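Dear colleague,

I am passing on the structure that follows, together with some notes on what was found in it. Please read the notes with the model open beside them.

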Amino acid sequence: MCSLTKIEKLLEGCEQSHLLKFYNDLGDVEREQLLKQLGTIRFEEINKLYKDAQASLKGEVTKLDSKMKPIPADKFESEESLNSDVIDEYRRIGLEAISNNQVAVVLMAGGQGTRLGVNYPKGMFSVGLPSGKTLFQVQAERIQKLTKLAKQQTSKSGKICWYIMTSGPTHITTVNYLKKNDYFGLNEDDVKLFQQGLLPCFDFEGKILLDEKHSVALAPDGNGGIYRALRDNGILADMKKRGIKYVHVHSVDNILVKVADPVFIGYCVSKKAHCGAKVVRKSGPSEAVGVVCQVDGSFQVVEYSEITDKTANLRDVKGNLVFSAGNICNHFFSTEFLDQIAEEYETQLKLHVAKKKIPYVNDKGEKIIPITPNGIKIEKFVFDVFQFTDNFVTWEVPRSSEFSALKNADSAGVDCASTSRRDLLRLHKSYIIDAGGRVDCDEVEISPLLSYAGEGLEKVKERVFNSKTVILSDEEELLMNNNDYSKRDINGLNIGLTQFGN
């Protein structure tokens with residue numbers, strides 16, 4: 001821990017001396033906490049970040065229309081338009097890589113469930129599926145199933161390491177939750193949690209805000225903080241030690257995500273890509289999502305606010321939107337590229353600045369909860385590394401089978417628990433129908449341990465489902481029949497599985 005004298009000198013040089021204003025009012029423990037926290041902050045770098053942030057706030061949003069070009073044909077493929085033989089070959093390549101222990105997943109799970117109306121990490125949220133499973137459980141079980149599919153194809157028992165990026169407010173809760181639930185069947189040694197970085201919050205004059213008299217107001221550095229966090233927490237070193245070559249990075253809040261999707265991975269590997277983005281076709285020109293395209297020859301996600309309505313509405317000769325590749329925070333990286341970003345380009349990432357209502361301690365030592373924006377938070381975004389490689393590809397997938405965001409409380413009516421649950425159950429209904437079954441209700445769920453993406457559903461053929469049902473794997477059925485299946489109590493919700501339906 002740095003001494004008081006050293007901290008005073010450091011703060012004076014960076015014009016942040018006010019952070020010690022209440023030092024003499026604190027007890028010994030609080031003094032130690034404050035000095036320890038201040039000693040971890042790189043003030044010169046932080047001050048530069050603020051100056052860069054201020055410059056971006058003062059500048060108007062630049063319209064990029066004249067610089068934009070669609071993704072070149074050789075960097076884009078659409079799952080819906082490809083021959084099934086090509087998709088099968090991509091899947092084979094992806095499953096082979098999984099069997100060779102070359103694939104890992106990095107789950108970005110630092111978000112709290114504030115907008116959902118809960119006070120725990122978003123990954124612990126249940127959208128109300130018949131099984132009651134949370135986002136974490138669904139995704140962990142997809143990983144389990146995928147390793148079994150890989151073994152069926154290759155006869156080799158590979159594994160997928162699950163790296164979970166949390167944040168300061170969510171880390172301990174997430175660790176305890178996963179431990180309590182035995183990592184939902186995954187090997188504890190193959191589940192690694194690490195925290196993304198934090199950045200101080202500023203007022204509009206560049207002064208760092210105090211959250212309490214003995215602590216600085218901090219906020220997560222955005223999902224773009226992943227690159228520094230992977231390096232500083234030893235995750236990249238762990239990947240190298242394990243022989244991992246390919247990484248699937250995605251956010252926790254998409255209930256339809258195909259974790260470590262072997263088709264997507266196989267496509268990227270076959271193209272020798274360093275970086276890839278999975279996209280969905282925009283629902284219309286006014287949908288407020290970023291689009292993947294080229295800007296001045298480099299790949300980039302352009303936000304809706306950065307283009308005019310005219311460009312957003314541009315269509316090709318077939319009537320399709322020219323800029324239609326909607327970004328869904330679902331990416332492929334080679335570990336080689338991740339190393340390069342962490343070591344060479346991380347400091348060059350664009351800053352994204354937001355004016356926020358930030359609770360703070362005023363000059364009188366009073367805790368203030370502002371009702372209007374009083375400061376700024378600075379973030380970096382995961383997709384801003386696309387520009388640093390020419391070995392970039394995009395893979396378009398159907399929205400109905402791969403993307404349903406969970407952002408809001410049900411009162412919003414969009415991107416909420418109700419829509420996530422609806423979209424997953426609709427997808428599962430389509431799987432059952434394709435497999436020769438019939439569904440006469442809206443609440444039939446397929447366990448991820450039975451089927452990853454609609455395969456292996458022979459047991460539903462000629463069956464009729466007319467009531468709430470969870471279709472289990474053979475292993476789950478055996479455990480249920482032996483009364484050995486462990487029920488889990490999560491946030492007051494008793495999680496049990498329904499027997500195979502009528």
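In helix 4, Arg92, Leu95, Glu96, Ile98 and Ser99 meet Leu146, Leu149, Ala150, Lys151, Gln153 and Thr154 of helix 5, where contact means heavy atoms within 4.5 Å and helices are DSSP runs (H or I, at least four residues) numbered from the N terminus, as are strands (E, at least two). The model is predicted, so local features need pLDDT of at least 70 and side-chain atom pairs pLDDT 80 or more, while totals for chains, interfaces and linings use all residues. Residues are numbered from 1 along each chain as its sequence is written, and side-chain values use heavy atoms, without hydrogens and water.

The axes of helix 4 (residues 84–99) and helix 5 (residues 135–154), which are lines fitted to C-alpha atoms over the stretch in contact, with angles from 0 to 180 degrees between N-to-C directions, come within 9 Å and cross at roughly 100°. The two helices are therefore roughly perpendicular to each other (65 to 115 degrees).

Among the aromatic pairs (ring centres within 6.5 Å, the six-membered ring being used for Trp; planes under 30 degrees apart are stacked, over 60 edge-to-face, the rest tilted), of which the structure holds 15, Tyr267 and Trp395 have ring centres 4.8 Å apart and planes at 35°, so this pair is tilted. Tyr267 lies in helix 9 (residues 262–270) and Trp395 in strand 20 (residues 392–396), 128 residues apart.

Phe136, Trp162, Tyr177 and Phe184 form one aromatic cluster.

Best regards

Terms used: Parallel < 35°, antiparallel > 145°, perpendicular 65-115°, else oblique.
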